[in-house]
Amino acid sequence: MSLAPFVTALALPLLLALALIWPQARSLVWRMMPFAPLPALALALLGDLPMHAQADWMILGLQFGLDEISRLFVIFTGLLWCAAGASARHWMRHDARATSFGVMFLMAQTGNLGLLLALDAASFYAFFAPMSFASYGLVLHSRTPQAQGAARLYIGFVVLGELALFAGLALAVAQAGSFHVADLRATALSDPAVALMMIGLCVKLGIMPLHFWLPPAHGAAPVPASAVLSGAMIKAGLFGMITLLPLGGVTYADHGTVMMAAGMVTIFAALLLGVQQTSPKAVLGYSSVSQMGILALGLGAGLMVPQAWVAILPVLVFLAAHHALAKGALFLGTGAFAAQTGPAAKLAVTLALLLPAFVLAGLPASSGALGKEALKTAFNAGSPVWLPWLTVALSLSGVATTLLMARYVAMIWLHPPGAPAKVTQEAVLLPFLALVGASLALPLVWVAVAGTLAAPISQAAPGALWPVALGVAMAAGVAIHAHAQRIGPAVFLAQITAPGRALALRADSILAAKRRAARRLAHAMPKAIGETAMRWRLGQTAIAGLIALTLLLEAGGSLRGEAAMPPAAQPGAAHPPGHMLPPYFEP
Amino acid sequence: MMDAPLLPLFILLTSLLAAPVLFSLPERAARLRTGINLGMAGLKVALVAWLSLKVSQGVIYDLRFELLPGLEFKLQADPLAILFIALSAVLWLITTIYSVGYLEHGPHRARFFGFFSLCVAATVGIALSGNLFTFLLFYELLTLATYPLVIHRGTAEALRAGRIYLIYTLAGGLVLLLGTLGLWVLAGTTDFVPGGVLAYVVAVNPLAAQLLFVVLIGALGVKAALFPFHVWLPIAMVAPAPVSALLHAVAVVKAGAFGIMRVVYEVFGIETAQALGVTAPLAVLAGVTIIYGSLKAITQDDIKKRLAYSTVSQVSYITLGVALASPLAAVGALAHLIHQGLMKITMFMVAGNLAEGLGVKRVSQMDGVGRAMPGSMLAFTLAALGMIGLPPLAGFVSKWYLAQGGLEAGQAWVIELLLGSSLLNAIYFMPMLHRAWFRDAAPETTGAPGRPRIGWMLAVPPAATAALVLIAGGFANAPFSPLEWTRFIVAIEYQE
Amino acid sequence: MADPLMIFDILLALSIVALATASLSVRDQFTMIVLFIIFGLLSALAWVRLSAPDVALAEAAIGTGVTGALLLKTLHHLRFVSGSRNRQPMTGVAPLPPVPLGVTLANAAFCGLITLGLAAGFLGAPAAGPGFDMLVAEAMPTSGVAHPVTGVLLNFRAYDTLMEVVVLLAAVVAVWQIERGLSEAPAPVMGVVWQGFARLALPAIVVVGTYLLWGGAEAPGGAFQGGAVLAAMGLLLLLTRAYVPQPGHRGIARWAFVLGTGVFALVALLVAGGGRVAFEYPLEHAKTLILLIEGMVTISIAVTLAALFHGREPVALTTGGRHDT
Amino acid sequence: MSVDLSPITLAIFVPLFGAIMAFLLPRAASVIGLATLALTTGAVIWLARAVLTGGAVVLPLGGWGAPLGIDLRADGLSVAMLGLTCAVGFLVSVAALDSLKGAQQARQRQYFWPLWLLLLTGMNGVYLGTDIFNLYVMIEVIALAAVGLTVLSGSRAAVQAGLEYMYASILGALLFLMGVGFIYLQLGRLDFAGLTGAEPTGALIAALALMFVGLALKTALFPLHFWLPAAHANATAPASALLSGLVVKAALYIVLRLAQYMPFPSETLLTLVGLMGAGAVIWGGIQALRAERLKLLVAWSTVAQIGLIFVAFARAGEVGLPESWKAAALLILAHGIAKAAMFLAAGRIKDEIGHDVIRDLDRSPIRPTLAQFTFALAAISLIGLPPSLGFIGKWSLMEGAMAAGYWHWVAVTMAGTLMSVAYFSRVFAGFLRFDRVRAPVGEHQGWALADAAPLTLALAAIGLGLLAAPILGFIEIGYPFGVAP
Amino acid sequence: MTPDLIYGLTGIAVFGIGLVGALCALDRLRRVLALKLCSVGAGFLLVVGAWRAPPGVPDPVPHALVITGIVVMVSATAVALALIRRLQTLEAEDER
């Protein structure tokens with residue numbers, strides 16, 4: 001197969017990035033920004049699977065290809081990049097450092113798409129690293145002290161991760177004797193190799209305790225960048241594990257245990273940390289961490305029980321897509337919210353934001369819930385020891401996410417994120433809404449897109465409402481508590497009871513009036529009826545009416561009786577026992 | 001010794017026949033009335049003693065009289081009946097003495113003592129009922145006989161209380177009628193049989209049986225003041241003190257609790273009821289009532305109302321013990337039937353004495369009353385400590401068995417419930433004792449010292465019942481003590 | 001071809017219905033009563049046509065004659081009481097409040113439905129149903145009378161007849177009770193001619209009445225018809241003031257009222273014995289006993305009907321009259 | 001010639017002769033009346049013994065036998081009704097001695113006895129009759145005598161009520177007569193036996209409709225009750241007791257009999273009957289709740305109770321009809337006794353206090369304790385609390401309804417019970433409240449002879465509940481409803 | 001069209017007319033009269049029945065019944081009229 005489509009797919013963003021350096025081309029490039037991932041998308045959507053192309057000449061022998069899994073990754077990642085690009089075009093229009101942003105953005109895009117298409121370890125790494133480092137620029141973009149701190153942290157972790165990944169890959173390749181990922185997957189890699197790769201990839205994925213960089217970075221980056229950081233790029237970690245590790249073939253019980261434990265800790269620790277954040281985007285960041293914990297659970301289970309991997313894998317892909325779309329929508333929505341000026345518009349955006357928020361939290365029948373249910377089902381194939389815990393953890397993660405989302409919604413109002421001065425409101429709104437729609441439609445579309453891999457999703461139960469409901473209730477409780485703390489409990493008590501008291505007073509008076517009225521009515525009604533009946537002499541009418549009614553009833557009854565029972569029926573059957581002839585009358 | 005198969009009937013008639021005689025005596029014939037009252041009460045105690053002896057020897061009393069085809073008026077004296085009958089007979093005697101003193105110059109005495117007798121007759125009838133139908137007859141009679149006692153004072157407030165009482169209890173009676181009919185239609189009999197009569201119905205139509213249980217317990221729960229049907233009880237406190245004492249210690253609430261026992265043990269049968277899954281909700285309801293009653297009691301300032309809510313709480317111990325479906329809990333429940341009666345009647349009589357002698361009707365007025373009326377307050381103190389559950393008083397014994405029963409049934413929460421309830425008991429009784437003994441008297445309650453404030457007829461009865469509280473607890477394991485008798489009954493009901 | 005008799009039947013039936021309607025719908029009460037009397041007479045005629053002369057006689061004499069007289073007397077009283085002798089009181093002294101038209105229409109509609117239903121039931125009944133005639137024919141020889149209707153009245157269903165007399169007795173007791181102490185409207189003024197007529201008519205009426213009574217055994221007639229005719233005599237006497245009831249006559253009046261009932265009941269009771277039950281007259285005495293009963297009953301009926309016409313018990317009146325005296 | 005008196009004839013003729021004598025000898029009317037009642041009661045007891053030993057007694061009057069002649073027949077049910085009538089009648093008569101003793105009531109006394117004895121004749125005739133035309137004559141006897149009793153007091157309200165009663169009575173009787181005509185047209189005979197087994201043709205349906213509504217009108221079944229409250233409330237006390245306790249039962253009894261012999265009270269008609277009964281229970285209860293005068297309250301309670309009897313009648317549907325009559329019969333007996341007691345007691349209270357305005361009962365310093373007690377006892381039976389006869393009746397009613405799965409009738413009964421508690425407790429509050437009296441209250445000064453009769457009745461209403469089984473057993477003698485034991 | 005049919009229907013019509021009157025009439029006298037019409041209607045029915053029973057000789061029993069009915073009705077009418085008279089007098093006295 002020709003290499004050309006792959007090259008096109010990767011070259012377009014790369015070339016656009018390069019073109020930005022040329023000032024005359026900038027306007028065109030920015031206009032092209034949303035369309036940069038299109039070749040890759042087209043490749044994934046239209047190409048025949050499996051695809052494979054080789055360019056031995058590049059790096060250490062570049063190999064590109066697409067299989068069912070990576071195709072799906074390309075699709076949702078590409079979509080997200082489109083939306084983010086569309087958003088970035090307006091977001092950055094009047095930004096002083098727009099060019100640098102554009103370059104970094106496109107570079108990261110190239111890396112991201114490239115690693116998805118790469119089929120050998122070297123090229124994977126080769127795309128992985130630029131993506132990570134380009135993102136540094138995105139994080140640092142605003143140059144505020146906060147951004148600088150976040151970027152410092154980020155780059156530290158990136159370096160650590162890259163080192164580990166590199167070492168791991170190195171070992172793995174050595175053991176496998178091949179660069180090809182398929183070979184890596186087919187080899188029983190040694191524990192350290194797997195461990196090192198896992199560390200490297202987990203940094204990207206934000207699994208605790210390697211998550212520290214993630215929330216500040218996502219908080220600091222501009223909105224479109226956050227969206228891709230959180231939605232697309234961290235999935236590279238997942239993709240890396242899926243594609244590099246010999247999952248489904250070899251048992252790594254210790255790794256799996258650690259992974260799973262880390263995942264579980266991640267889910268809830270991220271909640272605890274997240275609810276303390278005041279920046280809405282940081283809250284979203286923690287939510288991402290928390291969500292990645294779920295993925296870690298799946299990965300851990302796959303490491304521990306290889307035979308379960310077949311069931312788990314499609315679900316993980318689905319969850320990745322779900323998170324990418326929903327989280328991307330939330331980040332873009334944050335921007336859209338910040339761009340709005342009127343309270344009504346803000347309220348409307350908030351309402352729209354609630355949709356992906358609930359999807360993320362796992363409202364029944366949404367992609368979040370379906371994914372979790374499917375994951376539970378998949379876990380059934382795994383270790384029975386962990387199963388109850390996993391199930392509980394998954395359910396509770398719904399609660400946790402709901403709480404985080406509540407915190408997020410509260411925070412976008414209390415600490416509104418900043419927005420560029422002259423951003424076009426509709427323009428940033430559209431990509432957001434598109435992602436919301438995509439996120440909502442995901443369960444439906446997935447079947448069409450993923451083919452056989454969609455089976456666990458389409459068979460999943462719609463999920464339970466209680467985690468979300470519980471989360472909402474807890475959030476409400478927390479909100480009330482916070483409010484009470486702020487204004488003092490006594491005042492708060494007075495405040496909350498005031499409408500109740502007023503209502504009770506009103507209700508009392510209304511009820512009393514109603515009761516009086518009812519009593520009056522109860523007294524007056526029989527009197528009125530009685531007197532009317534007397535005055536109109538309805539009793540007389542009743543006489544005639546009753547005769548007529550009896551005539552009708554009996555005539556109708558005898559007609560029916562005749563129809564139902566032929567006259568030949570035995571007298572005993574025709575008449576109930578009460579109508580038997582009394583002995584006295586018997587002849 | 002002479003054998004008298006009609007003995008239960010005689011016991012019933014001692015008070016039933018006294019009633020019309022007392023009604024017909026003119027208002028002024030006070031001496032004669034007192035004589036008849038005390039004579040009949042004494043006679044009844046003697047007859048009951050004889051009856052208990054015979055029953056403990058294994059004599060079976062069973063009187064039947066057909067009212068409708070297959071439907072019998074049936075009196076039977078089984079140990080459970082004896083338990084209740086003995087309580088009412090003894091307390092009737094004591095309360096009669098008390099009420100003679102209490103109403104010495106009051107109006108409507110003919111009416112009062114007539115209905116008082118009827119009320120006791122109804123209680124005895126309830127105890128002796130051999131089937132639910134007979135039970136229903138006396139249950140309704142009890143309602144009717146107590147109504148005039150509740151409204152005895154004839155004030156607007158008393159009439160209002162009476163109306164509420166009547167609405168609750170008659171509606172309860174009507175529902176009981178429905179339940180009895182349901183039982184009759186479903187099971188074809190309404191007899192009380194240890195082990196129950198509904199096993200077949202439960203097997204065939206469990207829903208109907210569950211419904212029947214709800215209807216019957218709901219109906220009986222009205223008199224047993226089970227939450228949320230307890231509303232009438234505190235309101236009915238407008239009645240004169242002896243009425244409150246007898247009604248709320250013995251007759252009305254105990255009739256309800258006794259009925260619940262009969263229904264659970266001898267209509268459904270404890271095993272059947274358990275299989276039906278209805279005992280656990282009942283236990284929970286009883287637990288709720290226990291806590292609710294105690295909490296409400298804490299907030300009452302009126303002494304009688306506080307005692308009334310305490311009754312709401314305490315009577316549910318009996319229901320709880322029945323519902324726990326363990327023999328030990330049953331022992332506790334049955335013993336509490338007696339013990340609570342003794343303790344509560346003491347407290348009500350003392351409350352009446354305080355009102356009569358000192359005009360004290362509220363807890364906040366109780367400062368220093370211990371010095372003004374030491375005897376009465378000593379009795380009150382004993383009863384209150386018993387309620388809280390201090391050993392060796394009667395209340396301790398029943399609570400102990402209830403707790404043991406809870407463990408036996410695997411319901412550990414009962415222990416926490418009992419501890420909580422005891423704590424709450426302490427919270428509402430201790431301040432009363434503290435005020436009575438450790439505070440200085442308010443000027444209006446200290447009159448001329450040395451002069452007895454109440455006659456002996458008011459002073460002796462609470463002292464007697466307080467002594468019984470002490471004895472019932474202290475000699476709980478002696479033969480013929482309530483506890484021993486209770487074990488005897490439980491062995492029958494659990495068919496061991 | 002139309003049978004002339006049938007045309008007569010149809011015309012008669014139509015006039016009966018028309019008169020019934022008219023008498024209820026005419027506004028003036030006097031006209032109403034007069035129309036009713038004509039209606040009653042035509043009904044009697046119809047019953048003659050249906051071979052029921054006894055019934056026709058009774059209807060004409062009692063159902064129409066006495067009832068009409070009672071109605072007229074009451075109307076007179078009402079007009080006197082309401083002080084509107086010459087005006088036309090439409091609905092009496094204290095008329096009932098009017099009823100909404102809808103209710104009246106509903107009443108009428110229901111009645112129409114009922115009439116239709118009854119007509120349907122009637123049309124569905126057997127055209128020649130079983131009757132008592134065979135039984136009566138069998139029993140007649142032992143009844144003591146020759147006329148079947150009289151046989152039924154005084155023998156086969158004598159119990160009914162006794163109770164019927166009891167009804168009359170109850171009526172007169174009730175009327176006396178109701179009207180006690182009621183001041184009376186002056187009797188309608190009867191002209192001299194009427195008084196003369198009355199004197200002349202009286203003996204004739206007595207003869208006719210007795211004849212009816214006697215003839216009842218063999219031919220149409222009997223105690224009730226005879227009694228009614230005799231009562232007519234009483235009415236005339238009362239109307240012409242030829243006889244004015246006095247307090248002193250009460251005793252005899254009471255005896256007269258109960259005479260029929262008493263004798264009838266006594267005979268009925270006393271014949272029992274020797275295997276016979278009450279009302280079972282010994283065959284040999286049947287005719288005598290029946291005649292005795294009939295005679296006594298006739299007297300009672302006559303006096304009772306006259307008393308019913310007169311109304312109140314003859315007592316010394318006090319003013320006011322509302323209260324018991 | 002030896003006269004062979006049969007108790008069955010005596011039960012009718014003794015009151016008839018008594019009425020004649022009482023009418024002829026006004027001054028001795030009371031004595032004659034009491035003696036007559038005693039004798040009639042004796043005759044009924046004689047008859048009851050005969051029935052008890054030999055089953056149903058039949059007397060073909062005139063020796064002809066039905067269908068040509070008229071039969072009198074006494075079975076358990078008729079004797080029970082006769083017993084009710086005589087016993088209640090006797091006690092009411094005793095009470096009447098007292099309540100009509102004043103000089104003011106000389107005229108009332110003079111007419112009370114003949115009318116009452118004629119009424120008794122009529123009622124006994126109804127209970128013994130087996131011929132539907134004869135029943136028509138009998139209900140007319142009852143109607144005239146009853147109207148005479150209604151207006152005994154002579155007040156304008158009483159006369160007005162009496163006139164309405166008269167119209168209703170005549171119309172009811174005429175509807176019945178028309179029904180008789182249709183039955184003759186179809187069957188050619190008029191005795192009960194002729195009705196059994198007849199096919200439901202148009203004429204018989206017409207007869208059924210006419211007779212049912214006619215009797216419902218006479219027994220004041222809702223919504224044909226319009227005449228009753230005023231008539232019963234405005235009559236003098238003994239008359240009210242008779243009217244409410246006994247007279248309405250005559251028509252009820254005929255309904256009970258016809259339901260057996262008329263071959264087709266279909267399920268729908270029974271439901272209609274039950275609905276009318278339910279309406280009576282509810283409407284009677286509501287009106288009793290708002291009645292301002294004691295006697296009016298009691299009269300409305302009669303409306304409700306009659307409704308209950310009809311509910312009892314319909315309780316188990318067409319299939320249960322052979323059993324339903326027992327509940328109805330028990331309720332009839334219970335209501336007859338208790339209501340007579342209650343009206344007498346109400347009359348006593350009114351006489352003593354001077355008025356019967358419920359709201360002001362508690363203002364009176366005079367408390368006729370025994371009458372109040374009687375009232376309460378009667379109320380217990382009417383409410384249907386154990387062990388009264390009313391309770392047993394209600395028990396049978398609800399048992400049948402429940403067994404047949406007719407929960408709506410159970411609900412109606414319970415609603416009716418609650419309402420009766422509500423309206424009677426209004427009265428009790430008036431009896432038992434003392435804080436509105438200024439003067440010292442005079443209560444319970446000992447026995448008064450005038451209270452003896454109502455008290456006896458009330459105690460009987462309560463106590464007879466204990467004898468329900470023998471009563472039921474007796475009622476079934478002669479298989480009035482063709483049910484073999 | 002036989003006479004029994006004609007007069008039977010006449011009787012029913014008269015009964016119906018009487019019923020309307022009895023239910024609707026406001027004036028007391030007219031109500032009594034309407035009731036009397038009803039009774040005549042019932043009489044018609046019985047007489048027709050008698051005529052029908054066997055062709056030729058009519059059945060005497062219904063005749064007797066009708067005669068009884070007529071007498072009963074006149075008694076009832078008399079009582080009703082007495083009540084009306086009494087009531088009118090009382091009302092007139094009250095008005096005065």
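This note goes through chain contacts, helix packing, a strand pair and some backbone features of a predicted model.

1. Chain contacts. Seven pairs of chains touch, and the most contacts among them are between chains C and E. That contact takes 79 residues from chain C and 69 residues from chain E. On the side of chain E that touches chain C, the elements giving two or more residues are α1 (3-24), α2 (28-52) and α3 (60-95) of chain E, and α3(E) gives the most, with 28 residues. By class, the residues on this side of chain E divide into 47 nonpolar, twelve polar and ten charged.

2. Chains that do not touch. Chain A and chain B are not in contact, and their nearest C-alpha atoms are 18 Å apart. Chain B and chain E do not touch either, with 40 Å between their nearest C-alpha atoms.

3. Two packed helices are described by the angle between their axes and the distance between the axes. Helix α3 (residues 53-81) of chain C packs with α2(E) at an angle of about 175°, and their axes are 12 Å apart; α3(C) and α2(E) are therefore roughly antiparallel to each other. In this contact V55(C), E59(C), T67(C), L71(C), T74(C) and L75(C) of α3(C) meet L29(E), L33(E), K36(E), G43(E) and V47(E) of α2(E). The residues of this contact divide into six nonpolar, three polar and two charged.

4. A helix pair within chain A. The axes of helix α17 (residues 387-414) of chain A and helix α20 (residues 466-487) of chain A come within 8 Å and cross at roughly 40°, and α17(A) and α20(A) are therefore oblique to each other. The crossing in which α17(A) passes α20(A) is right-handed. The residues of α17(A) that take part include S395(A), G398(A), T402(A) and A406(A), while those of α20(A) include P467(A), G471(A), M474(A) and A479(A). By class, the contact of α17(A) with α20(A) has twelve nonpolar, four polar and no charged residues.

5. A strand pair in chain D. Strand β1 (residues 57-60) of chain D has a covered face with V57(D) and L59(D), and an uncovered face with V58(D) and P60(D). In a regular strand the side chains alternate between the two faces of the sheet. With strand β2 (residues 71-74) of chain D, β1(D) pairs in the antiparallel sense over four bridges, and V57(D) stands opposite A74(D) in β2(D).

6. Cis peptide bonds in chain D. Most residues other than glycine have a negative phi, and most peptide bonds are trans. F222(D) and P223(D), however, are joined by a cis peptide bond with omega of about 0°, and P223(D) has its place in the loop between α8 (202-219) and α9 (228-234) of chain D. A cis peptide bond, again with omega of about 0°, joins P386(D) and P387(D), and P387(D) lies in the loop between α14 (369-383) and α15 (389-403) of chain D.

7. Although R537(A) is not a glycine, its phi is positive, at about 55°; R537(A) lies in the loop between α21 (489-535) and α22 (538-564) of chain A. With 19 other C-beta atoms within 10 Å, R537(A) is partly exposed. A325(B), also not a glycine, has a positive phi of about 60° and lies in the loop between α14 (303-323) and α15 (327-358) of chain B. A325(B) is buried, with 23 other C-beta atoms within 10 Å.

Methods
Residues numbered from 1 in each chain as written. Chains lettered and ligands numbered in written order. Predicted model: local features only at pLDDT ≥ 70, side-chain atom pairs only at ≥ 80, totals over all residues. Contact = placed C-beta atoms within 7 Å. Nonpolar A, V, L, I, M, F, W, Y, C, P; charged D, E, K, R; others polar. Axes fitted to C-alpha atoms, helices over the stretch in contact; angles between N-to-C directions. Parallel < 35°, antiparallel > 145°, perpendicular 65-115°, else oblique. Left-handed = near helix turned anticlockwise from the far one by under 90°. Buried ≥ 20, exposed ≤ 12 C-beta atoms within 10 Å, placed from the backbone. Pairing = 2+ DSSP bridges.
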